Amino acid sequence: MSYPEIRPRRLRRNAAVRRLVSETRVDPAELVVPMFVKEGLTEPRAVASLPGVLQHSRDSLRKAAVEAVQAGVGGIMLFGVPASRDETGSGGIDPDGILNVAIRDVIAEVGDATVVMSDLCLDEFTSHGHCGVLTPDGAVDNDATLSAYARMAVAQADAGVHVVGPSGMMDGQVGAVRRALDAAGHQDVSVLAYAVKYASAFFGPFRDAVESALEGDRRTYQQDPANLRESLREVALDVAEGADMVMVKPALPYLDVVAAVRAAVDVPVAAYQVSGEYATVEAAAANGWIDRERVIMETLTSIRRAGAQIILTYWAVEAAQLLRQRY
Ligand code: PBG
C-alpha cells in the first residue's frame, strides 16, 4: 500500500464509529403506514398475500390508528373497500362511503397527532376496477374522471383528511383536485401527488387487499417501466399544478427514478414501497431464506438513501418500533 495509507475500514471497525459516520438514518416520523378498511366487517380480516396486513373493521381501524401514533409514524394512508360498487365509483364521493366514514373515524381518534391521508382514486369503488369512469366503448375517460376526483377530494376534505393522494394517473388530476379543494374552502388540505406510478406487477397483493374487480391492466394511464424521462415530465407537471409533495411508486425497483426526481424538484419526495415488495420479502423470510428484520431495514435505508424523504410502507409501525428500540 502507498503512503499515506487510505484505509476506509477504519470507519467500519465497530458499531459506534459506524453509527457516527452513517450517512442515512430512517426516522419513524418519515414513515407512513397504508391501512385498509372494509365496509360491513365486524372483525378484522387477514389478507392472504400480505401476511401481517389486515382489512380492518371500522373499530379495529381506530385502534390500529392509535397504535400507529404511539409507534411514532409520520402518517397513515387510508384505503376503503366498499361493500358494493358501481360503474362510476359513486361510493368514493358519497359522504357515507366507507373511505369518507373511515377518515372521520380516524380523525376523531387521533386528531392532529399524525398526518391522515387518503387514497384519491376510483378503482376501489368501480364495478370494472379501473381508476376512472369509462366511455361507452370502454376506454378510461380522462376528463370525466377529473370531475369525479374533484368531488371525491372535497368529500375527503369535508371528512377532515389532512392530505389527499390522487393515485389514478389521469392527466391534469392535481390541478383539478387543487382547484376543487380551494373553491370549497379547503386551502389547508395538501396534495401528495402519485406523480410517478408505473404499470407494475408489484401491485398484485394490493389488488387482493381491496378485492379489485379489474380485468386487464392499467397501461393506458400508468407508466411504462422502461421510461425515466417521462417521470420527470410527470413530476414537473404535478408541481406546476400545485402538488405539495410528489411520490414515486413502486420504490425498490425504481430507485434511479427516486434519485432523479429528488434532484429535479424541491418539494418533499415520497416513495411507496408497494404490496409486492412487501410480499416478496415476507415470503422469502417465511421460508427462512433471508433475515427478515435486516432486509426490511436495508430496503428502507436504501429508499431513503436514494432520496425519498417520506416512505409509505406496510412495515411502518413495526419498523418505527424497531428503530425506537435501537436508539
Ligand atoms: C390505486 C392504488 C393502487 C395502489 C395504491 N393506490 C393500485 C393500483 O394502481 O393498481 C397499490 C399499492 C400497493 O401495491 O401496495 N388506488
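Predicted model: local features only at pLDDT ≥ 70, side-chain atom pairs only at ≥ 80, totals over all residues.
Residues are numbered from 1 along each chain as its sequence is written, and side-chain values use heavy atoms, with hydrogens and water left out.

On a 1 Å grid over the protein atoms alone, a cavity is a set of points where a 1.4 Å probe fits but cannot get out; a pocket is an open set with protein on both sides within 12 Å along at least five of seven lines, and lining residues have an atom within 4 Å of a point. Grid points are joined across faces, edges and corners, and a volume is the space filled by probe spheres set on the points. The structure has one cavity of 30 Å³ or more, and the largest cavity holds about 130 Å³ of space. Its lining has 19 residues, with Asp123, Lys197, Phe203, Phe206 and Lys249 closest to the centre. Two or more lining residues come from each of β7 (190–197) and α6 (204–209); helices (H or I, at least four residues) and strands (E, at least two) are DSSP runs, numbered from the N terminus. By class, the lining of the largest cavity has nine nonpolar, three polar and seven charged residues (Ala, Val, Leu, Ile, Met, Phe, Trp, Tyr, Cys and Pro count as nonpolar, Asp, Glu, Lys and Arg as charged, and the others, Gly among them, as polar).

## Aromatic rings

Nine aromatic pairs turn up in a search of the whole structure (rings of Phe, Tyr and Trp, with its six-membered ring, pair if their centres lie within 6.5 Å; planes under 30 degrees apart count as stacked, over 60 as edge-to-face and the rest as tilted). One of them is the tilted pair of Tyr272 and Tyr314, at 6.1 Å centre to centre and 50° between the planes. Tyr272 lies in strand β9 (residues 269–273) and Tyr314 in the loop between β10 (310–313) and α11 (316–326), so this pair ties together parts 42 residues apart in sequence.

Tyr272 and Tyr314 are both buried (under 20% relative accessible area, with exposed over 50% and partly exposed in between, using a 1.4 Å probe and protein chains only). Ring pairs also link them into a cluster with Phe36, Phe79, Tyr194, Phe206, Tyr278 and Trp315.

## The second largest pocket

The lining of the second largest pocket divides into 11 nonpolar, two polar and two charged residues.

Arg178 lies in helix α5 (residues 173–183) and is buried, with a relative accessible area of 13%. Among the residues that Arg178 touches, not counting those up to four places away in sequence, are His186, Ser190 and Glu241 (contact means heavy atoms within 4.5 Å).

Gln173 also lies in helix α5 and is buried, at 2% relative accessibility. Leaving aside neighbours within four places in sequence, its contacts include Tyr149, Tyr194 and Glu241.
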